[in-house]
Every structure is written in structure tokens, then in C-alpha cells.
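Morning, everyone. Please bring up the model on your screens, and we'll walk through it together.

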Amino acid sequence: MPRVLETLEAGQTRSFAAEPELGERARGGIVMHPLLFGGRIHGVLAVAVHEALDTPRQEALARLAETLALHFDHAQLSEQ
């Protein structure tokens, strides 16, 4: 998915129009958060939304992405 790569390269949250294949349930678009921690990239959290997210939901999604990145980073460091 090219938008995932765009989000990784930008290193910041991005929003996009939803792909038509996702249908009406994603008419609010797709929000992508890079999963970054300690300068390491662990992936992208992509969420399709029914309607535009208000500020509290945007903040909750950002916190979730930060938490996921921390867990992925800890798991990776534990394996080394």
C-alpha cells in the first residue's frame, strides 16, 4: 500500500481518503500513524473511520499508536 510507505517516510500521522473498495463504513477516510519509538520504525497503524474523528478520538488513537510502538520496541529489544 503506497500510503503506508508515504506515512513511514513522512514519520508523522497522515490522513487519506478511503479506497472505494472499503465501502461506506470507511467514508470518513483512513488515518495512519507511524509506529516509531527511539528512532526505530515498527510499522504503521492504519484505521479506516466511518466519519471524521473529533479531537478526543484523534488523541486516543495517537496514544494507542505510541503504546503499540513502545510494546513492539520492547519486544524487539527483548529478543536481542
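A quick definition before we begin. A strand here is a DSSP run of E with at least two residues, and strands are numbered from the N terminus. Keep in mind that this is a predicted model.

Now find His-42. It sits in strand β3, which covers residues 40-49. What does the side chain of His-42 pair with in a polar contact? Asp-73: the two side chains are joined at 2.9 Å. Leave out residues up to four places away in sequence, and His-42 also touches Leu-35, Phe-37, Ala-69, Phe-72 and Gln-76, along with Asp-73 itself.

Next, the sheet that β3 belongs to. How many strands does this open sheet have? There are 3, in the order β1-β2-β3, and the pairing is antiparallel. In general, strands of a sheet pair through backbone hydrogen bonds, either parallel or antiparallel. Which strands stand at the edges? β1, residues 14-16, and β3 do. Each has a single partner strand, so one side of each has no neighbour in the sheet. On average, neighbouring strands are turned by 20° against each other, direction ignored.

Zoom in on β1 and β2. They pair over 3 bridges, in the antiparallel sense. Look at Phe-16: its bridge partner in β2 is Ile-30. Then there is helix α1, residues 2-10. This helix lies across β1, β2 and β3, and runs at about 160° to β1.

On to the core. Nonpolar side chains tend to be buried together in soluble globular proteins. Which residues make up the largest nonpolar core here? Six are listed: Val-31, Leu-35, Leu-45, Leu-61, Ala-65 and Ala-69. Two elements give two or more residues to this core: β2, spanning 29-37, and α2, spanning 55-79. The largest share, 3 residues, comes from α2. Take Ala-65 as one example. It touches His-33, Leu-35 and Leu-45, again not counting residues up to four places away in sequence.

Last stop: Asp-54, in the loop between β3 and α2. Why does Asp-54 count as partly exposed? Its relative accessibility is 35%, and partly exposed means between the 20% limit for buried and the 50% limit for exposed. A polar atom of the Asp-54 side chain lies 3.1 Å from the backbone nitrogen of Arg-57. Arg-3 is another story. Asp-54 and Arg-3 are 51 residues apart along the chain, and their C-alpha atoms are separated by 22 Å.

Methods: Residues numbered from 1 in each chain as written. Predicted model: local features only at pLDDT ≥ 70, side-chain atom pairs only at ≥ 80, totals over all residues. Heavy atoms only, no water. Helix = DSSP H or I, 4+ residues; strand = E, 2+ residues; numbered from the N terminus. Polar contact = N/O pair within 3.5 Å; in protein donor to acceptor, adjacent residues only side chain to side chain. Contact = heavy atoms within 4.5 Å. Core = buried A, V, L, I, M, F, W, Y, C linked by side-chain atoms within 4.5 Å. Buried < 20%, exposed > 50% of the residue type's maximum accessible area, 1.4 Å probe, protein only. Pairing = 2+ DSSP bridges. Axes fitted to C-alpha atoms, helices over the stretch in contact; angles between N-to-C directions.
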